[in-house]
Amino acid sequence: MARVYDENHSISGINYDICETQAMLFEYAAKRYVFDNFVELYMKCDFCRRAMDTEYSRFQLETERECMDFILPEIGEQLVSVETPTISGEVAYWIGFVYRALYIRTEIPSKELIKKVPLSVMYGYYPGLHTVEENMQIDIICEDYGF
């Protein structure tokens, strides 16, 4: 993937926008589905591989609803709907952003990244890292995992 870093290896420009796209997708899904179920299925689905884990795809800058139109035919039958979210939108947004930023920084495919840095670990990182600058969050996780 073409990476856009400044001299401090910060994720910036278009890559920051791509992280926000996935963050908004996770926040949107958290309001409608059991979050853990969605994340596990999404990170391993073909849409994520071909539309997000790639150098360029129009979906990287699309709305969350447009992305869901293409995700649901693939994993929709396996998703569990909820009336009350199982996680806050803020946490879901953060997790989506950080997983995408980790992919951009490491180029580890999402289906492997979810195995190396499980969702349960991301929940553990949230309280201490969500108030830290985004690039520092990624640096810390990468250091913890030797990426």
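Visitor: What makes two rings here an aromatic pair?

Guide: This is a predicted model, and it holds 9 aromatic pairs. Take Phe26 and Tyr42: their ring centres are 5.5 Å apart, and the cut-off is 6.5 Å, so they pair up.

Visitor: Then why is the pair of Tyr145 and Phe147 called stacked?

Guide: Look at the angle: their planes are at 25°, and stacked takes in planes under 30 degrees apart. With the centres 5.8 Å apart, they make a pair, so it's a stacked one.

Visitor: Why do Tyr145 and Phe147 count as partly exposed?

Guide: Buried would be under 20% and exposed over 50%. Tyr145 comes out at 30% relative accessibility, so it lands in between. Phe147, at 34%, gets its partly exposed label because it falls in that range as well.

Visitor: Which residues do ring pairs link into a cluster?

Guide: That would be Phe26, Phe35, Phe38 and Tyr42.

Visitor: How do you know that a charged end sits over the ring of Tyr28?

Guide: The charged end of Arg32 is 3.6 Å from the centre of that ring, and the limit is 6 Å, along with a position within 35 degrees of the ring normal. Arg58 does likewise over Phe59, at 4.3 Å from the ring centre.

Visitor: Which residues touch the most other members of the largest nonpolar core?

Guide: Phe26, Phe38, Tyr42, Ile95 and Tyr99, out of 51 residues in that core. Helix H5 (89-106) is among the helices that each supply at least two residues, and H5 gives the most, with 11. Beyond its close neighbours in sequence, Tyr99 has contacts including Gln22, Phe26, Leu113 and Met122.

Visitor: How do you know which part to read with caution?

Guide: Check pLDDT, the predictor's confidence. The protein averages 91, and 93% of the residues score at least 70. Over residues 1-9, though, pLDDT stays under 50.

How values were computed: Residues are numbered from 1 along each chain as its sequence is written. This is a predicted model: local features need pLDDT of at least 70, side-chain atom pairs count only at pLDDT 80 or more; totals for chains, interfaces and linings use all residues. Side-chain values use heavy atoms; hydrogens and water are left out. pLDDT is the predictor's confidence in each residue, from 0 to 100. Contact means heavy atoms within 4.5 Å. Rings of Phe, Tyr and Trp (its six-membered ring) pair if their centres lie within 6.5 Å; planes under 30 degrees apart count as stacked, over 60 as edge-to-face and the rest as tilted. Buried means under 20% relative accessible area, exposed over 50%, partly exposed in between (1.4 Å probe, protein chains only). A nonpolar core is a set of buried Ala, Val, Leu, Ile, Met, Phe, Trp, Tyr and Cys residues joined through side-chain atoms within 4.5 Å. Helices (H or I, at least four residues) and strands (E, at least two) are DSSP runs, numbered from the N terminus. Lists of a residue's contacts leave out its neighbours within four places in sequence.
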